[in-house]
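Okay, thanks for making time, everyone. Let me put the structure up and then talk you through a few spots that I'd like us to look at together.

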Amino acid sequence: MPGVGTTAAVEVLLEDDRPCYLIRNCLSLSEQTSIYQDISCRSKDTDNRSKLCMHPTPKTIIFDGNQSTLKFSGGDNIYNTLIVQTANDVLKKRAPQKSHHFLTSACSTEPTTMSVGVIRYHVPNGKFPEHIDHCNDHSWVYLLSLGCSANFVVKGPQSEKQLFRFNSGDVLVFDPSSDAAILHGVTSINEDDFPLDCPEDFQQFRFGVQCRVKMQRQRM
């Protein structure tokens, strides 16, 4: 398993009962590239691999078998190893002490199942409407940003709306349930704001890689 990068840092974006965590510099460029290469290998031909999403601009990557998500049983896959477990390591080491009890179920157990979906945004007008996931299966979301940075918004039931720049290699971790009611969306994509020496597609698009993870229930 990759180690936690020395530059990784945790920001608590929302102070509600269900906080939202932004991990800056969670993945190195080589790890980001490995994720993107796996997505490219699994996706269909460039001309056929996209379909309309909630907004006409972003496109959902379509994988072989005409599936909009990759599904995995257990944690033996690159998305768990490089995104989920790396993020959990950072949270365990660097999240504020007062927030650790919110992370017990996510950081201390292995995934039972997980699904991965990828949305590709064009520069600079890529948008995704603000929404709540309403996913009530005790899962957590780990959202990785790749390529050009996005202007991203989150809001909790009792918190003010937070607008931030979601950079390539950053990971957002949050509870997608109706109870948490975490509103989130993309307002725009920043042109010419991408990592140095990155893949060519990182310079033209922003990719949102969403891992929806169900963890083993801890025994009491």
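Predicted model: local features only at pLDDT ≥ 70, side-chain atom pairs only at ≥ 80, totals over all residues.

Ser 34 and Ile 78 are 44 residues apart along the chain, yet their C-alpha atoms are separated by 8.4 Å. Is Ser 34 buried or exposed, or something in between? It's partly exposed, at a relative accessible area of 29%.

Ser 34 sits in helix α1, residues 29–42. The buried residues in α1 include Glu 31, Gln 32, Thr 33, Ile 35, Tyr 36, Asp 38 and Ile 39. And what covers the buried residues of α1? Among the elements doing it are β4 (59–61), α2 (78–94), β6 (111–122), β8 and β13.

That brings me to β8, residues 139–147. Here 9 of the 9 residues are buried, so the strand is largely enclosed by the rest of the structure. β8 pairs antiparallel with β13, residues 205–215, over 9 bridges; find Leu 143 and you'll see that its bridge partner in β13 is Gln 210. β8 also runs antiparallel to β11, residues 171–174, with 4 bridges joining them. There, Leu 144 is the one standing opposite Val 171.

Now over to the open sheet. What's the strand order? It goes β7-β12-β9-β10, 4 strands with antiparallel pairing. β7 (128–131) and β10 (162–166) are at the edges with a single partner strand each, so one side of each has no neighbour in the sheet. From one strand to the next, the twist averages 25°. At the β7 end, the pairing with β12, residues 183–189, is antiparallel over 2 bridges, and His 131 has His 184 as its bridge partner in β12.

Okay, salt bridges. The structure holds 7 of them, and I'll pick out a few. The side chains of Arg 24 and Glu 11 meet at 3.2 Å, N to O. That pair links distant parts of the chain, with Arg 24 in strand β2 (residues 21–24) and Glu 11 in strand β1 (residues 9–12), 13 residues apart. Arg 24 counts as buried at 17% relative accessibility, while Glu 11 is partly exposed at 32%.

Arg 24 also meets Asp 170 in a salt bridge, at 2.6 Å, N to O. Asp 170 is in the loop between β10 and β11 and Arg 24 is in strand β2, so this pair ties together parts that are 146 residues apart in sequence. Asp 170 is buried, as is Arg 24. Put together, Glu 11, Arg 24 and Asp 170 are linked in a salt-bridge network.

Another salt bridge to look at has the side chains of Asp 133 and Arg 212 at 3.5 Å, N to O. Asp 133 is in the loop between β7 and β8, Arg 212 is in strand β13, and they're 79 residues apart. Both of those are buried.

Last stop, the cysteines. How many disulfides are there? The count is 0. For Cys 198, the nearest cysteine sulfur belongs to Cys 148, and that's 7.7 Å away. Cys 198 is buried, with a relative accessible area of 9%, and Cys 26 is buried as well, at 3%.

Note on methods: Residues numbered from 1 in each chain as written. Heavy atoms only, no water. Buried < 20%, exposed > 50% of the residue type's maximum accessible area, 1.4 Å probe, protein only. Pairing = 2+ DSSP bridges. Disulfide = S-S within 2.5 Å. Axes fitted to C-alpha atoms, helices over the stretch in contact; angles between N-to-C directions. Contact = heavy atoms within 4.5 Å. Salt bridge = Lys/Arg side-chain N within 4 Å of Asp/Glu carboxyl O.
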